[in-house]
Amino acid sequence: MPGVITTELGKIAIPDDVIATIAGYAATENYGIVGMSAKTAGDQFWQIIGGDNQRRGVRIASLGEDAIDVDLYVTLIYGASLPAVAQNAIGNVRYRVEELTGLKVKSVNIHVEGVRA
């Protein structure tokens, strides 16, 4: 279900794919995150053929008309502080999604799927 913003002029529907792309870019901007992990068959297909898909590893859950939860499945660089990287990513993703879409982000959950050297 897409995020919906209601204004005096009407409703604005933002598809989950757009929100996931914004969250994916915001997450990979952070030092320590070297990649996103595939969570669906479509994500795995893009990973195999080498496509650049920023939605890979991002799951969006709508909590009503103007609130969402974001789950990020990430791969970290070896030696990076997990709490520091997670806090930076949570803050950056929350800020970017709220600024660009106008939706409220209730929570950002980081799932570490792997560590890479």
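Mentor: Happy to! Let's start with a pair of side chains: Thr-75 makes a polar contact with Ser-37, at 3.4 Å, through the side chains of both residues. By polar contact I mean two N or O atoms within 3.5 Å; within protein, one must be able to donate a hydrogen and the other to accept it, and residues adjacent in sequence count only if both atoms are side-chain atoms.

Before going on, keep in mind that this is a predicted model, in which local features need pLDDT of at least 70, side-chain atom pairs count only at pLDDT 80 or more, and totals for chains, interfaces and linings use all residues. Residues are numbered from 1 along each chain as its sequence is written, and side-chain values use heavy atoms, with hydrogens and water left out.

Back to our pair. Thr-75 sits in strand S5, while Ser-37 belongs to the loop between S3 and H2. Along the chain the two residues are 38 positions apart, but their C-alpha atoms are 6.6 Å apart in space.

Now for the neighbours, where contact means heavy atoms within 4.5 Å. Leaving out residues up to four places away in sequence, Thr-75 touches Gly-32, Ile-33, Val-34, Gly-35, Ser-37, Gly-114, Val-115 and Arg-116. With the same exclusion, the neighbours of Ser-37 are Arg-56, Gly-57, Tyr-73, Val-74, Thr-75 and Glu-113.

Gly-32 leads us on to another residue: its C-alpha is 8.0 Å from that of Ser-81, although the two are 49 residues apart in sequence. Ser-81 is in the loop between S5 and H3 and is partly exposed, with a relative accessible area of 40%.

Strand S5 has another residue worth a look, Asp-71. Asp-71 is buried yet has no salt bridge, and Arg-59, the nearest side chain of opposite charge, is 5.9 Å away. For charge, Lys and Arg count as positive and Asp and Glu as negative, with His and the chain ends not counted; a salt bridge needs a side-chain nitrogen of Lys or Arg within 4 Å of a carboxyl oxygen of Asp or Glu. What Asp-71 does have is a polar contact of 3.3 Å, side chain to side chain, with His-111. Residues up to four places away in sequence aside, Asp-71 touches Gly-57, Val-58, Arg-59, Asn-109 and His-111.

The structure does hold one salt bridge. It pairs Arg-96 with Glu-29, with 3.4 Å between the closest N and O atoms. Arg-96 lies in helix H3 and Glu-29 in the loop between H1 and S3, so the pair ties together parts that are 67 residues apart in sequence. Both ends are partly exposed: Arg-96 has a relative accessible area of 33%, and Glu-29 has 47%.

That brings us to H3 itself, which covers residues 82–101 and reaches 28 Å between its end C-alpha atoms, close to the 28 Å expected. The expected span is 1.5 Å times one less than the number of residues. Just after H3, Gly-102 takes a positive phi of about 85°.

Finally, the whole protein: three helices and six strands, ordered β-β-α-β-α-β-β-α-β from the N terminus. The mean pLDDT (the predictor's confidence in each residue, from 0 to 100) is 84, and 85% of the residues reach 70 or more. Where pLDDT is low, the predicted coordinates should not be read in detail.

Terms used
Helix = DSSP H or I, 4+ residues; strand = E, 2+ residues; numbered from the N terminus. Buried < 20%, exposed > 50% of the residue type's maximum accessible area, 1.4 Å probe, protein only.
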